[in-house]
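Please keep the sequence and the coordinates open while going through them.

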Amino acid sequence: MAAESARGRRQPWILLSPSLATISFLLIIPMMFIVVYSFWLRTATGADQVGFYLDNWQEVLTDRYYRDILFQTFQIAFYTTVICALVGYIPAYFVANTRMRSKTLLLLMLMLPFWISYIIRTMSWINILGSSGAINTFLIWTGAIDSPISMLYNQTTVILGLVHYLLPFMILNIYVSLDGIEKNLTEAAQSLGCNGWQAFREVTLPLSFPGLAAGSLLCFVLASGTYITPLVLGGPRDAMFANLVFEAIVTQLNWPLGSALSLVLLALLGVLVAVYSRYLGVDQIAKSFR
Amino acid sequence: MTGWSWIRIATILVYLFLFAPVAVVILLAFNANQFGSFPIQGFSLRWFEALYHNDAIVRAFKTSLLLGVLTSAISTTLGTLAALAMVRYDFPGKRTVSSLLVAPILIPEVVLAVALLLFLQFLSLPKSFFLLLMGHVVFTLPFVVLVVQARLVSIRRDVEEAAMSLGATPIQTFFEITLPLMLPAVMAGMLFSFTISFDDITGTLFWKPGGIETVPTQIFAMLRNSISPEINALGAVMVIFTVALPLLGTAIARRMSAAKMKSAKT
């Protein structure tokens with residue numbers, strides 16, 4: 001009997017060991033390495049000087065250039081998140097409260113963007129906003145303008161692209177919380193004298209807050225870490241922080257500097273995730289997979 | 001009820017916003033216009049033909065396919081085992097394990113990409129297809145765990161216990177009872193990891209060795225030159241591939257489980 005329960009105790013670890021080994025070797029240990037790497041130094045000859053140098057950190061933390069781009073990155077991520085929340089709440093509310101048949105269809109359609117390639121969805125805006133895109137062609141055809149107006153390659157289009165990419169995450173997370181709300185709660189509020197808007201503001205909105213928060217966290221973190229959208233839809237001045245990382249690692253091969261840069265991004269977003277999971281728990285995000 | 005009508009109209013507009021640009025890509029892919037842009041001048045398959053004769057694209061497609069299949073095979077196997085452990089057992093440290101398993105989602109992909117790349121460089125392993133594969137496995141793994149876990153919860157334990165009490169060994173029970181019941185969940189995990197891998201560009205650009213392109217990185221490289229009509233055709237193929245395949249998969253899985261239910265009843 002004792003042997004039996006010892007085996008029972010070992011069993012989950014046997015099942016978990018391949019995954020945990022993979023994550024340790026491919027994630028945990030490499031993460032420790034970038035911490036070590038960030039204190040090394042790239043010498044003029046291109047070799048890495050092993051040791052404990054604070055030069056990279058000093059450069060990353062004091063150089064105005066990095067600070068400005070970091071600020072710009074969080075600004076873009078913030079706008080994206082707020083727009084996603086505002087634009088995403090209404091369809092989430094509709095899907096949660098509509099009849100069963102259209103609900104299934106709308107939910108299925110909401111999953112579709114996850115399957116459509118991110119790079120395709122991003123570049124599709126060039127067909128809409130580009131100089132020979134849908135809008136310009138239409139305006140020239142109607143005679144409203146003579147030559148195409150330039151709408152692409154600025155911060156607004158970067159935000160547009162990110163909203164287009166991240167909106168399904170937001171809608172799905174809000175939907176999950178709205179769907180969990182008992183219908184009779186709002187009915188009760190209304191029978192106690194609230195009008196529809198009051199019932200929404202006092203009951204539904206607060207109860208959907210966990211989903212709103214989970215969606216916002218996902219949007220903000222994913223938007224802050226992107227470097228493809230600014231490359232495709234942004235202009236030369238719209239670089240985001242991850243572009244700097246890519247530049248340092250892949251183009252300049254300055255790994256120590258790239259390590260320090262990625263740790264800054266990780267630390268700032270880590271604080272956000274930690275605050276979030278302290279108050280709301282990471283479980284909320286997992287709910288949208290059910 | 002006017003409020004509700006406004007909500008309905010807003011919802012339709014948001015859905016249009018989500019899908020219209022992609023619809024335009026597909027529309028332009030069939031456009032006969034020699035620049036492949038507006039105005040649309042008739043139906044043509046010439047861009048798909050050009051695609052088929054473009055060696056770089058065909059090669060990229062094969063690479064993506066191989067990468068996606070291998071990634072989904074490995075990470076579904078690992079992820080299913082982990083999901084089983086998480087759903088079926090209570091053990092000390094479960095919360096820590098659970099956060100470890102979803103860690104790759106919470107870390108920005110750029111950081112993950114840098115970390116793995118530098119680690120491999122430190123071990124003096126060059127960039128290779130293998131690195132690309134390992135990278136894809138580590139960031140698809142949490143999605144598989146979450147998806148499979150979510151569906152495993154609904155499988156009732158007593159069916160297995162019944163099999164065991166009727167004399168089946170644990171191994172027999174797993175293959176005869178648990179695995180067939182789990183199959184839809186496992187397939188969902190497989191499709192999900194395949195699509196994520198097939199679509200990935202963020203990590204792939206860091207990890208891919210020179211000369212190897214996947215479909216997304218190939219599209220990205222083509223975009224740097226100019227938006228050529230071939231990109232729209234390639235986009236259309238990608239959309240059909242990554243949307244139709246999972247839809248087909250779910251339909252088959254549903255039919256299979258429906259057939260199984262029927263045969264179980266008779």
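**Notes on the predicted model**

1. Chain B holds 11 helices and 0 strands, where helices (H or I, at least four residues) and strands (E, at least two) are DSSP runs numbered from the N terminus. Read from the N terminus, the elements of chain B follow the order α-α-α-α-α-α-α-α-α-α-α.

2. This is a predicted model, in which local features need pLDDT of at least 70 and side-chain atom pairs count only at pLDDT 80 or more, while totals for chains, interfaces and linings use all residues. Residues are numbered from 1 along each chain as its sequence is written, and chains are lettered from A and ligands numbered from 1 in the order in which they are written.

3. On confidence, chain B has an average pLDDT of 84, and 91% of its residues score at least 70; pLDDT is the predictor's confidence in each residue, from 0 to 100. The model as a whole scores ipTM 0.86 and pTM 0.87. Where pLDDT is low, the predicted coordinates should not be read in detail.

4. The C-alpha trace of chain B spans about 70 × 65 × 40 Å along its principal axes. Of the 266 residues in chain B, 42% count as buried, a residue being buried if 20 or more other C-beta atoms lie within 10 Å of its own, exposed if 12 or fewer, and partly exposed in between, with C-beta atoms placed from the backbone. Among contacts in chain B between residues at least 6 apart in sequence, 76% join residues at least 24 apart; two residues are in contact if their C-beta atoms, placed from the backbone, lie within 7 Å.

5. The contact between the chains takes 69 residues from chain A and 70 residues from chain B. On the side of chain B that touches chain A, helix H1 (residues 2-29) gives the most, with 13 residues. That side of chain B divides into 58 nonpolar, 9 polar and 3 charged residues, where Ala, Val, Leu, Ile, Met, Phe, Trp, Tyr, Cys and Pro count as nonpolar, Asp, Glu, Lys and Arg as charged, and the others, Gly among them, as polar.

6. Two backbone angles deserve a look. A:Tyr153, although not a glycine, has a positive phi of about 65°; A:Tyr153 sits in the loop between helix H6 (134-142) and helix H7 (155-179) of chain A, and counts as partly exposed because it has 19 C-beta neighbours inside 10 Å.

7. B:Ser124, also a residue other than glycine, has a positive phi near 55°. B:Ser124 lies in the loop between helix H5 (109-122) and helix H6 (129-152) of chain B, and is exposed, with 6 other C-beta atoms within 10 Å.
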